[in-house]
Each structure stands twice: as C-alpha cells, then as structure tokens.
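This report takes the fold as a whole before turning to a few single residues. Please keep the sequence and the 3D view open while reading.

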Amino acid sequence: MLICIDGTGPYGQENYREMMKDSFCKQMTNQMGRGKSIYIEGPGGAGITTVRKASLAYRMIHNYYDTLIGTQKHEPLYLAGYSRGGAAALQIAKFLNEDQSPLIVRAMFLFDPVN
C-alpha cells in the first residue's frame with residue numbers, strides 16, 4: 001500500500017484539484033492503481049491541518065490493513081509526501097511508532113518536506 005499526501009496548493013477545491021491534477025503524488029498513486037494506493041490532498045492554509053491529514057491517513061492505513069487476511073497482512077507500506085505532505089508522512093510514521101503498530105513502513109519518499 002502506498003499513501004501519498006500532496007503539498008499545499010491554491011485555496012479552493014476546484015483550484016487545488018486543477019493545479020495538482022498532474023502532481024508527482026497524483027502520478028504515483030495513479031501508477032500504483034486503485035486498491036493499492038491512496039492519494040490525499042495536501043494540508044491547507046499555513047499547514048495547520050498537517051496533523052489532521054496525517055491522522056486521517058493513519059486511520060485509513062489501519063482500516064485497510066484490518067481488512068486483509070493471512071499473509072496479505074504483511075503487504076508492504078510505503079509513505080510519500082510532497083512539501084507539507086512530506087511533513088504529514090513523517091507524522092504518520094511517528095503515529096505508527098508511538099502506538100507500537102506491527103505495520104512496518106518499508107520506505108518513505110519525501111519530496112522537499114517542510115518542518
């Protein structure tokens with residue numbers, strides 16, 4: 001499973017979706033295919049929703065892995081993010097570490113993450 005969180009873009013859903021339609025995160029999730037990846041729009045504003053986006057992704061990850069059976073439960077987990085989305089990906093890894101999750105992040109792809 002690949003979780004990819006985009007960066008902050010322009011205000012307004014339509015403007016954001018138009019500007020980010022060909023973003024690297026969007027391309028990665030499209031190549032992985034539905035059911036194997038999740039694309040999450042980037043945090044808005046001044047980044048105040050970064051932790052909220054990470055929390056959303058964290059819950060999605062657990063929901064996905066809870067539905068798997070047998071050896072599928074060992075499917076690799078990859079986190080990716082651009083800019084503030086990269087910061088959110090780091091936060092997801094922190095959440096997984098803090099709850100001592102058995103899920104292992106196989107790799108992280110961070111593109112210009114902010115602090």
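## Contacts and basis

Contact here means heavy atoms within 4.5 Å. Take contacts in the protein chain between residues at least 6 apart in sequence: 71% of them join residues at least 24 apart.

This is a predicted model, where local features need pLDDT of at least 70, side-chain atom pairs count only at pLDDT 80 or more, and totals for chains, interfaces and linings use all residues. Residues are numbered from 1 along each chain as its sequence is written, and side-chain values use heavy atoms, with hydrogens and water left out.

## Overall fold

The protein chain has four helices and four strands. These are DSSP runs, numbered from the N terminus: helices are H or I with at least four residues, strands are E with at least two. Along the sequence the pattern reads β-α-α-β-α-β-α-β.

The C-alpha trace spans about 40 × 30 × 20 Å along its principal axes.

## Surface and charge

Buried residues make up 40% of the 115 residues. Buried means under 20% relative accessible area, exposed over 50%, and partly exposed in between (1.4 Å probe, protein chains only). The protein chain exposes about 6,900 Å², with 54% supplied by carbon and sulfur atoms. Areas come from the Shrake-Rupley method with a 1.4 Å probe.

There are 12 positive and 10 negative side chains, and the centres of the two sets lie 3 Å apart. Lys and Arg count as positive, Asp and Glu as negative; His and the chain ends are not counted. Each charge is placed at NZ of Lys, CZ of Arg, CG of Asp or CD of Glu.

## A buried glutamate

E75 sits in the loop between α3 (50–67) and β3 (77–82). E75 is buried, at 16% relative accessible area. A polar atom of the E75 side chain lies 3.0 Å from the backbone nitrogen of M1. Beyond its neighbours within four places in sequence, E75 contacts M1, K36, Y64, Y65 and L68.

## Two positive phi values

Most residues other than glycine have a negative phi. S83 has a positive phi, near 55 degrees. S83 lies in the loop between β3 and α4 (84–98) and is buried, with a relative accessible area of 16%.

D112 also has a positive phi, near 55 degrees. D112 falls in the segment after β4 (105–111). D112 is exposed, at 57% relative accessible area.

Terms used
A polar contact is a pair of N or O atoms within 3.5 Å; within protein, one must be able to donate a hydrogen and the other to accept it, and residues adjacent in sequence count only if both atoms are side-chain atoms.
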